[in-house]
Amino acid sequence: MNQTDYEKILREFDIPGNLISAKPYGSGHINDTVLVEYVYENKNLKYILRRINDYVFHEPLLIVENTLRVTTHYRKKLIENNEKDINRKVLTLYKTKNGQYYFVDSNGGYWCLLSFIPNAYTVDKVETENQAYQAAKAFGKFQKYLTDIDISRCHETIKNFHDLDKRLAKYDESVGKDVKNRVQNIPDEINKIEKFRYVTEEYLQLRDKNIPLRITHNDTKINNVMLDEKTSEGLCVIDLDTVMPGIILNDFGDMVRTFTSPADEDEKNTEKVFVRMNIFEAMTRGYFSEVKNILTEDENNNLVTGAKIIVYEQAVRFLTDFIDGDVYYKIKYDKHNLVRAVNQLALLDSIEKNYMQMQAVVEKYSKQRND
Ligand code: ADP
Ligand code: GN1
Ligand code: MG
């Protein structure tokens with residue numbers, strides 16, 4: 001799509017001024033994110049225009065409703081807690097001239113217009129302990145402020161999103177069908193998935209435990225939190241499409257997955273992929289600074305296992321997509337999903353090796369609340 005296409009869509013929204021530019025933005029794998037600049041009364045105004053990926057989200061309207069419900073609740077909590085700079089801490093959804101929070105184009109594409117968080121940045125990998133601390137604190141606060149939202153009114157935007165058992169069943173099916181004839185070329189990766197299949201047992205055992213259902217983010221990637229340009233304070237949690245009922249272990253797990261490795265999720269050299277324990281500690285400290293009073297004993301005890309589950313799930317998802325012919329994740333080159341899967345399996349190796357130390361860190365910060 002070019003600027004003229006975006007302009008047509010933007011004309012539907014009820015915002016003042018003239019369009020200066022509209023350009024693809026960010027490094028997300030799913031939706032189309034566009035940075036939009038307007039000029040109004042000599043001021044530059046920025047927005048984020050997003051097209052919801054309807055291959056991934058079968059009912060885009062559920063996302064719009066959830067986003068509205070969650071941001072409204074969150075804004076209320078920010079006000080109740082006398083927080084400053086509220087418009088940089090929660091996304092605002094803009095209406096169309098018809099009074100709706102989305103626009104459907106002639107191809108059936110769903111578009112939303114959101115506030116742009118100014119003077120803030122995202123990273124694809126954590127560079128400093130402070131970033132890990134701040135970003136985890138932001139995800140913790142997000143969790144904390146949503147503890148009293150009405151779960152029954154939040155939709156499940158993707159069914160069985162973090163159901164490892166079902167993800168593996170889908171993987172087995174894909175290996176069986178082998179539509180692109182790729183399986184014969186990846187024996188090592190297939191073996192590695194088998195080596196870690198025991199993680200599914202841990203997942204199934206967890207399901208029998210008393211882990212409470214909450215409203216969780218479900219995609220707590222490091223690049224889904226905006227950090228303040230000057231202080232790196234975790235300002236605003238974004239990418240709210242997967243906010244839905246879930247367990248907190250998945251959110252902690254996805255933080256471990258995307259915060260702790262010094263390398264990108266698609267780094268080819270697996271020697272560069274491992275858990276940085278100092279970053280893990282900073283992250284855990286930041287997270288507990290917000291959630292220490294809300295997590296249960298069962299949750300605390302299983303956070304690291306949650307990380308194993310999420311990283312394994314991610315490896316399974318990337319490899320399934322490679323076998324299926326790259327239909328889900330955006331790719332930049334032929335074997336991109338294979339590289340991502342191998343990368344995640346290397347990270348899983350590292351989590352397995354560091355498991356006891358990671359447990360000790362979690363224990364340290366979860367116990368601190370009783371001191
Ligand atoms: P995706 O679903 O494709 O991951 P995101 O909503 O996460 O899309 O957006 C991709 C990137 O665009 C983010 O990592 C961030 O850098 C930038 N971005 C998204 N929303 C905003 C916003 N409201 N303000 C500023 N930057 C944003
Ligand atoms: C996708 O949208 P993005 O890039 O933040 C995916 C996550 C994966 C992640 C892997 C809806 O997240 O589940 O963990 O890629 N989102 C969806 O990088 O499937
Ligand atoms: Mg994102």
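## The magnesium site

In this predicted model, Asn224 is buried, and Asp239 is buried as well. These two residues coordinate the magnesium ion (ligand 3), Asn224 through OD1 and Asp239 through OD, at 2.1 to 2.2 Å. Asn224 belongs to the loop between β8 (214–216) and β9 (225–228), while Asp239 belongs to the loop between β10 (234–237) and β11 (244–246), so the pair ties together parts that are 15 residues apart in sequence.

## Helix α4 against helix α9

Two packed helices are described by the angle between their axes and the distance between the axes. For helix α4 (residues 164–177) and helix α9 (residues 297–324), the axes come within 9 Å and cross at roughly 25°. Because angles under 35 degrees count as roughly parallel, α4 is described as roughly parallel to α9. The crossing in which α4 passes α9 is left-handed.

On the α4 side, the contact is made by Leu164, Arg167, Leu168, Lys170, Tyr171, Ser174 and Val175, and these meet Ile309, Tyr312, Glu313, Val316, Arg317, Leu319, Thr320, Ile323 and Asp324 in α9. Sorted by class, the residues of the contact of α4 with α9 comprise 9 nonpolar, 2 polar and 5 charged.

## Helix α7 against helix α9

Helix α9 also meets helix α7 (residues 248–259), and the axes of α7 and α9 come within 7 Å and cross at roughly 60°. The two helices, α7 and α9, are therefore oblique to each other, and α7 passes α9 in a right-handed crossing.

From α7, the residues taking part are Ile248, Leu249, Asn250, Phe252, Gly253, Asp254, Val256 and Arg257, which meet Glu299, Asn302, Leu303, Gly306, Ala307, Ile310, Val311 and Gln314 in α9. The classes represented in the contact of α7 with α9 are 8 nonpolar, 5 polar and 3 charged residues.

## Thr284 in helix α8

Thr284 is placed in helix α8 (residues 277–291), and because its relative accessibility is 0%, Thr284 counts as buried. When its neighbours within four places in sequence are left aside, Thr284 is in contact with Phe252, Val361, Val362 and Tyr365. Phe252, one of these contacts of Thr284, is also among the α7 residues that meet α9.

Conventions. Residues numbered from 1 in each chain as written. Chains lettered and ligands numbered in written order. Predicted model: local features only at pLDDT ≥ 70, side-chain atom pairs only at ≥ 80, totals over all residues. Heavy atoms only, no water. Donors = N, O, S within 2.8 Å, 3.2 Å for Na, K, Ca; no water. Helix = DSSP H or I, 4+ residues; strand = E, 2+ residues; numbered from the N terminus. Buried < 20%, exposed > 50% of the residue type's maximum accessible area, 1.4 Å probe, protein only. Axes fitted to C-alpha atoms, helices over the stretch in contact; angles between N-to-C directions. Parallel < 35°, antiparallel > 145°, perpendicular 65-115°, else oblique. Left-handed = near helix turned anticlockwise from the far one by under 90°. Contact = heavy atoms within 4.5 Å. Nonpolar A, V, L, I, M, F, W, Y, C, P; charged D, E, K, R; others polar.
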